[in-house]
Amino acid sequence: MIYINQVFQYVTDSKRIRVIDIEEPYVYIVNIDTSSAMPRKELYSSLTTDIKQSELLAISDPYAKVISEDDLTEVQIRKREEDWGNIQKYCIPNMPDLLQKQGRESKIREIVQESNLGKTKVKKLLTRYWQRGMTKNAMLPDYSNSGGKGKTKALTKEKVGRPRKININNEYQTGINITDEVKDQIEHVINKYYRKKNNYTLKDVYNFMLRDFYSDRYKENGELKYRIWDATRIPSYHQFYYWFKKLEDPKSDIQFRKSTKEYELKHRPILSNSKSETNGPGTRFQIDATIADIYLVSSLDVNKVIGRPVIYAVLDVYSRMITGLYVGLEGPSWIGAMMALDNMVADKVEFCKQYGIDITPEQWPTHHLPEIIIADRGEFEGYSVDNLINNLNIKIENTTAYRGDLKGIVERKFRTFNGKVKQKAPGAIQKEYRERGDQDYRLNATLNLKEFTSLIITMALHHNQKVIDKYPIEKEMVAEGLVPTPINLWNWGIQNRTGRLRTIDRNILRLNVLPRGKATISRAGIRFKNLLYGSQRAIEEHWYLKLKNRSVEVVYDPRNVEKIYIPHDDGTDFETCILLEPSQQYKEDFLEEIIFQQQLRNEIEGIERTNQIQLTINTDAAMEEIIKKAVKNKKQSYNQPTSKKAKIASIRDNKDVEKLLNRESEKFDLSPDKVSESAEVIDFVIKEKNGEDTLPKKSTSRLMQKLKKKRDEELGKNK
């Protein structure tokens, strides 16, 4: 449908036309961009065809303005009334004839004779009336175009523009005109000095221009110096600034002086809000991470500080509802992001119960997949992203580097969380840099990871019930008296807007997004992260024997080390492995804390291992010294040749003799100070080969005496 006074634009040549009358089957149009425009006739069907083929587009009326009478001068009102009176009196009654090309000139001549207006004046009035919407205000004079605003003045020998101030000699400082040559100089110094990373001010750039183009160079004491010309021969700063504003390109200037990232982050126009990109809950979720401004302690030893945790949050753009959380020591990384996505589809009642917080499903009803996830490039560029896109039909929109503002909703929520932590929790970072003498806030660390997670959950629940400032609330929400809290907006959006909420089995999501690792099958069990697991299937199929030392891929949740999962080949099911008894002591701990303990143990063992090496080296040296002496003693005995047969003959008798010697030195004497002088020496019985016990012979006693004497001599030599 085509309407009178409607404005269209042709795609091919950008020409704009206005419909001034419709008489089926014709339409009368005028060109609104020419200085003088007379109507021409077009077929109605021809215009509708151009519209359907998108060759002619309907556009907004460029002359449709709201003009207040109070803003008009008396001259503008007088001229408008005068011209409007002439249109009403002479032109509108003759409009049917003026629309037709044939006979239009004769009708204009009649109007000229009747009105005593010039022919040019009549055509000018008609042109303005038709082009500008055929209203009374269409006849307003164009005083906004007076004065040549934006137009370059023609230069003469005389200085144009406002005269400069009078100097102390009561004379005008005439200055110079800005010629094309001066313009080139200004453009040159802007490009050379202003559009650089040095961040020179405009005053600096002006001074550089005077130095480079309006000064005499001379040397003084071997140094090059400049003498700026007098004021009548140089452009003033105001002239320079005027032409700088004409040459200014704010976007390019910021990009040259700072960076493109700086422009995109801090200076780009903000013409819309995040909500305008959504049409209901679940259309877009934003996910991001921040390092919390607090130090935590180990749950195993409160005297050991484990550093600052990472918070991941997932927020729904439409309602601002927090739909997923992760607090841990992993990240910012893919693992941390996936933990937040895992929590995104989790039952929040059960999630809160793990941390001693009881809620109802109505307090936190989110357990859904979105249509789009807005995230940083770092975490969401990996193999698991392909699983999200291909298997779960979730579109990933990665922000460019240093463009955290594209995830402004979740960024603001992190600032709120950190602000609350600083107010309440011990161990929080109170300022960016500590000065000498300031207390070390790390020494105040008190909360462990689980306690801090409870703190973040409490703040998330509060956020979901809090009124959102400056929320772009819709008319229907106002009509229903809706208070813009995230929980209310979520529920209202589900009922009244076409959101993109989808649910999924949490196990399927985990198989697609949870971190994966390698476990090793051994006789002790399935070893993963130095923890031992087992399963019924592993026992029945004898994995520990048949698949010994075999590596298998497992899916795991760092927040729950009690179980790991081995995916089946079809990707729809998995084998659950349970923590075995030797590792049961860690079942209540987070994987991050277990890894921390293992690292601590490795450090302790590493220190002790150095001591053990030193001990081993010293032991080996002592053993080698003993052996060395024994070898030396044996070599000295070569002076008494002994045959090989003699060396090994009577081994049993030699052993008995050595035993007698040892018994003599090993015997107990409980009261050595009260030994009887008349005590008799009793010789040991020697067992004969035939098994009968006999008293030792005198030769045996003499042998004992010789052996003792020889042994004493040997001991004396060693000393």
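Here is a quick look at the overall fold and a few salt bridges in this predicted model.

Let's start with the whole chain. The protein chain has 719 residues, and 37% of them are buried. Its secondary structure runs to 24 helices and 22 strands. If you take contacts between residues at least 6 apart in sequence, 59% of them link residues at least 24 apart. The accessible surface is about 45400 Å², and carbon and sulfur atoms account for 50% of that.

Now for the charged pairs. The model holds 17 salt bridges, including these:

| Salt bridge | Closest N to O distance |
|---|---|
| Arg80 and Glu81 | 3.0 Å |
| Lys121 and Asp83 | 3.5 Å |

How exposed are the partners? In the Glu42 and Arg40 pair, Glu42 is partly exposed at 21% relative accessible area, and Arg40 is partly exposed too, at 32%.

The Lys121 and Asp83 salt bridge comes next, with its closest N and O atoms 3.5 Å apart. Lys121 sits in helix α5 (residues 119-131) and Asp83 in helix α2 (residues 74-91), so this pair ties together parts that are 38 residues apart in sequence. Asp83 is buried, at 7% relative accessibility, while Lys121 is partly exposed at 33%. Arg80 and Glu81 also belong to a network with Lys136, joined by salt bridges that share partners.

Terms used:
Residues are numbered from 1 along each chain as its sequence is written. This is a predicted model: local features need pLDDT of at least 70, side-chain atom pairs count only at pLDDT 80 or more; totals for chains, interfaces and linings use all residues. Side-chain values use heavy atoms; hydrogens and water are left out. Helices (H or I, at least four residues) and strands (E, at least two) are DSSP runs, numbered from the N terminus. Buried means under 20% relative accessible area, exposed over 50%, partly exposed in between (1.4 Å probe, protein chains only). Contact means heavy atoms within 4.5 Å. Accessible areas come from the Shrake-Rupley method with a 1.4 Å probe; for residues, only the protein chains shown count as cover. A salt bridge is a side-chain nitrogen of Lys or Arg within 4 Å of a carboxyl oxygen of Asp or Glu.
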